[in-house]
Amino acid sequence: SPKAKGQDIPLRFQHLGPREGLSQSTSRTLFRDSRGFMWVGTAGGLNRFDGNQVKVYAPVLNDSTSLADPYILGPMFEDAAGNLWFATANAVHCYQRTTDNFRRFPLAADNPEPEPVQLDAQGILWVCGAGTVYQLDTRTALNPDARTSPHFVPIGQATGSRFSYLE
């Protein structure tokens, strides 16, 4: 009988923790972007690892282009322009690669802890929050010339594993 032969691929593991520069030892989300950076979301901020060193992104008081809060929730998504989309406990964030900073998109005050679920092929970010499903068009959300401020459009209700569209 034929035998399967595995490939001999050398694996390299590297420990990454606070001693190596990580903001905290417990990660909530891991993401490898199209440029090869590893992004680690923790309760202490967002960490970018380039294979040699860690850069930590944390909230900066009175700086609206920093994180709203340090608690990174998962998962993360990358759009066609290379921007990263993820959530903290207070807002959905977009890491803008060209400016190396963030744009915040808060949900309503009574709807904390947004959770991005999917970034679809049309650039729509699907987000759940307190039982409501929202959409954010990432293609227009970052446009400074937009006539209206970007916002989440509620499109349905989620209960357990069930989803129903709003009429």
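Four salt bridges are counted in this predicted model, a salt bridge being a side-chain nitrogen of Lys or Arg within 4 Å of a carboxyl oxygen of Asp or Glu. The model is a prediction, in which local features need pLDDT of at least 70 and side-chain atom pairs count only at pLDDT 80 or more, while totals for chains, interfaces and linings use all residues. Residues are numbered from 1 along each chain as its sequence is written, and side-chain values use heavy atoms, with hydrogens and water left out.

**Salt bridges**

| Lys55 | Asp100 | 2.5 Å |

Helices (H or I, at least four residues) and strands (E, at least two) are DSSP runs numbered from the N terminus. Lys55 is partly exposed at 32% relative accessibility, and Asp100 is also partly exposed, at 28%; here buried means under 20% relative accessible area, exposed over 50%, and partly exposed in between, with a 1.4 Å probe and protein chains only.

Arg97 counts as buried, at 16% relative accessibility.

**Surroundings of Asp33**

Asp33, Glu78 and Arg97 are linked in a network of salt bridges. Asp33 is placed in the loop between β1 (27-32) and β2 (38-42), and is buried, with a relative accessible area of 5%. Which residues does Asp33 contact, leaving aside its neighbours within four places in sequence? With contact taken as heavy atoms within 4.5 Å, they are Trp39, Glu78, Leu84 and Arg97.

The side chain of Asp33 also has polar partners. A polar contact is a pair of N or O atoms within 3.5 Å; within protein, one must be able to donate a hydrogen and the other to accept it, and residues adjacent in sequence count only if both atoms are side-chain atoms. Such a contact, of 2.8 Å, joins the side chains of Asp33 and Trp39, and a polar atom of the Asp33 side chain lies 2.9 Å from the backbone nitrogen of Arg35. The C-alpha atoms of Asp33 and Gly82 are separated by 8.1 Å, although these residues are 49 residues apart along the chain.

**Surroundings of Asn101**

Asn101 lies in strand β8 (residues 101-105) and is buried, with a relative accessible area of 18%. Its side chain makes a polar contact of 2.6 Å with the side chain of Thr99. Leaving aside neighbours within four places in sequence, Asn101 is in contact with Thr65, Cys94, Tyr95 and Gln96. Cys94 is itself buried, with a relative accessible area of 0%, whereas Cys128 is partly exposed at 27%. The structure holds zero disulfides, a disulfide being a pair of cysteine sulfur atoms within 2.5 Å.

**Chain and cores**

The protein chain has one helix and 13 strands, and its elements run β-β-β-β-β-β-β-β-β-β-β-α-β-β from the N terminus on. Buried residues make up 38% of the 167 residues in the chain. Of the contacts with a separation of 6 or more, 38% are between residues 24 or more positions apart. The chain exposes about 10,500 Å², of which carbon and sulfur atoms supply 50%, with areas from the Shrake-Rupley method and a 1.4 Å probe; for residues, only the protein chains shown count as cover.

In soluble globular proteins, nonpolar side chains tend to be buried together. A nonpolar core is a set of buried Ala, Val, Leu, Ile, Met, Phe, Trp, Tyr and Cys residues joined through side-chain atoms within 4.5 Å. The largest nonpolar core has 16 residues, and those with the most contacts inside it are Trp85, Val92, Phe105, Leu125, Val127, Leu136 and Phe152. Two or more residues are given to this core by each of β5 (72-78), β6 (84-88), β7 (92-96), β10 (124-129) and β11 (132-137). Another core, of 11 residues, lies apart from it and includes Ile72, Met76, Leu84 and Phe102.
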